[in-house]
Amino acid sequence: MDTSRFPSFPSDFVWGVSTASYQIEGAVNEDGRGPSTWDAFVAEPGRIHNGDTGAIACDHYHRYPEDIALMQELGVDAYRFSFSWSRIQPTGKGAVNAVGLGFYDKLVDGLLEAGITPSPTLFHWDTPLALEETGGWLNRETAERFADYAQILGEHFADRIPRWITINEPVVVTMLGYGAGIHAPGLALGFDALPAAHHLLLAHGLGVQALRSAGASNIGIANNHALTWSASESEEDRAAAGLYENITNWLFADPILTGTYPEAVAPFLPPVPDSDLAIISTPIDWYGINSYNPTLVGAPTTGDAALMDGHALDAALPFSLREIQGYPRTDFDWPVVPEAFTQLLVSFKERYGESLPPLFITENGASYSDGPDDAGRVQDQRRITYTDAHLRALKAAMDAGVDVRGYFHWSLLDNFEWAAGYSQRFGLVHVDYQTQKRTPKDSYYWYQELIRSNLS
Ligand code: BGC
């Protein structure tokens, strides 16, 4: 067992932190930003814990210089943020809103001055509302609008942004947004949501092509993956777990990395022309994995609702998620199973072999609600323990031959945690939402020392 104080990584390993526009920016009505599907969703009674919204969030739109300074002090090489599409194109198409784009100019220039590599995501779930009103991701045209938007960003930023991410977690947009009605746009279509998956993947491929044609390079995607365990060795449980794994993992990775959809999923998809698969599998430079915990899946049990990311899904689904027992849990009630992280990464290597490009961990982290004590210090030892264990698990995968080039911790700041509102805190930096005071937690100083220790 490695007992060194910090896990050790190659000297060129990229250390980063992640955020997303709607979760931190606030300023939803400023400088010509158009509404997104999340603005509409949070306004619907009962959708979000405590009725919270992202209207102010971390007020990053105004406080970005302070947040850049926090990152510079932290010592990260790279910052993964996301562009708000409706700041740049208020209705998701047509003319650019120069002031909205100008915000990202200031952010990108500030990062570069601070020696931090901007590593943006083009789409982290905040679909322009006008596009949602014409079908959103159920409408193939949204993928084409995304390509136009990618072209705009590529042309504007290719000379300043050296690493790009097309889309964040199409699986969550599809399943929670269109399948289960837990995220925006709040549709509960069950398996009829799957055309959204295809259109998001198509948008990814068209986005890669548009970015490249605009001169951008070093392009990947951030896909959510969880190791899937079968609840038992029974045939029923293994079949249910296999289907779940295909729908949540391989549906989103196979077409990108091999140009095919898993056979098990094909019956649920609309007819897909080969030309679409050729677009989706446009070569990428690296593949991003967001991962938090494994899932345990069995055959459906009567009256037992399936769960995804802790959310109840339709009980009529052909699988059910079971509680993983015997491990510590985060405050979001997610199990902490670092060895599953190693196994997940190794399973990618086994599945894709030589066609697997280098990996980045584009998200990993944990929700713990620790706040400042009387002395103003945030003692979040549990986040340190989680992160340390997951980094050692990541290193074990690298030692087993998986090529991983960097790690982006989720998240820099406590922020708007979607349906859970502000009830879940994932930040290395605590945010007091009344005063907007930022307080680096013990985990921030730990991550800072970890990065330093890996420089030598
Ligand atoms: C998402 C983030 C989210 C995090 C924690 C990921 O699924 O990309 O936006 O805050 O997980 O739930």
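Three strands make up an open sheet in the order β7-β9-β12, and their pairing is mixed. Strands β7 (228-230) and β12 (320-322) stand at the edges with a single partner strand each, so one side of each has no neighbour in the sheet. On average, and with direction ignored, neighbouring strands here are turned by 45 degrees against each other. Keep in mind as you look around that this is a predicted model.

- Strands β7 and β9 (residues 295-298) run parallel and are joined by three bridges.
- Along this pairing, Thr-228 stands opposite Thr-295 in β9, and Ser-230 has Val-297 of β9 as its bridge partner.
- On the other pairing, β9 and β12 are antiparallel, again with three bridges; here Gly-298 stands opposite Ser-320 in β12.
- What covers β9, on one face or on both? Both faces are covered: Thr-295 and Val-297 are buried on one side, and Leu-296 and Gly-298 are buried on the other.
- Helix α10 (residues 235-258) lies across β7, β9 and β12, and runs at about 170 degrees to β7.

**The nine-stranded sheet**

- Another open sheet has nine strands, in the order β3-β2-β1-β14-β13-β8-β6-β5-β4, with parallel pairing.
- Its edge strands are β3 (117-118) and β4 (121-123), each of which pairs on one side only.
- Within this sheet, β1 (residues 14-18) and β14 (residues 404-410) pair in the parallel sense over five bridges.
- Helix α9 lies across β4, β5 (164-168) and β6 (219-224), and its direction is at about 165 degrees to β5.

**A buried leucine and a leucine patch**

- Leu-107 sits in helix α5 (residues 98-113). Its relative accessibility is 1%, so Leu-107 counts as buried.
- Which residues touch Leu-107, leaving aside its neighbours within four places in sequence? They are His-60, Tyr-64, Ile-68 and Phe-81.
- Phe-81 is 26 residues from Leu-107 along the chain, and their C-alpha atoms are separated by 9.8 Å.
- Leu-189 belongs to the loop between α8 (170-179) and α9 (194-213). With a relative accessibility of 33%, Leu-189 counts as partly exposed.

**Salt bridges**

- The model has 25 salt bridges in total.
- One of them joins the side chains of Asp-148 and Arg-145, at 3.1 Å from N to O. Both residues lie in helix α7 (residues 141-157), three residues apart, or about one turn of the helix.
- Another is formed by Arg-351 and Asp-254, at 2.9 Å from N to O. This pair links distant parts of the chain, because Arg-351 is in helix α12 (residues 338-352) and Asp-254 is in helix α10, 97 residues apart. Arg-351 is partly exposed at 39% relative accessibility, whereas Asp-254 is buried at 6%.
- Lys-441 and Asp-414 also form a salt bridge, with their closest N and O atoms 2.8 Å apart. Lys-441 lies in the loop between β16 (438-440) and α14 (442-453), and Asp-414 in the loop between β14 and β15 (429-431), so the pair ties together parts that are 27 residues apart in sequence. Both Lys-441 and Asp-414 are buried.
- Asp-105, Asp-109 and Arg-160 are linked in a network of salt bridges.

Definitions and conventions:
Residues are numbered from 1 along each chain as its sequence is written. This is a predicted model: local features need pLDDT of at least 70, side-chain atom pairs count only at pLDDT 80 or more; totals for chains, interfaces and linings use all residues. Side-chain values use heavy atoms; hydrogens and water are left out. Helices (H or I, at least four residues) and strands (E, at least two) are DSSP runs, numbered from the N terminus. Buried means under 20% relative accessible area, exposed over 50%, partly exposed in between (1.4 Å probe, protein chains only). Two strands pair if DSSP finds at least two bridges between them. Contact means heavy atoms within 4.5 Å. Axes are lines fitted to C-alpha atoms, for helices over the stretch in contact, and angles run from 0 to 180 degrees between N-to-C directions. A salt bridge is a side-chain nitrogen of Lys or Arg within 4 Å of a carboxyl oxygen of Asp or Glu.
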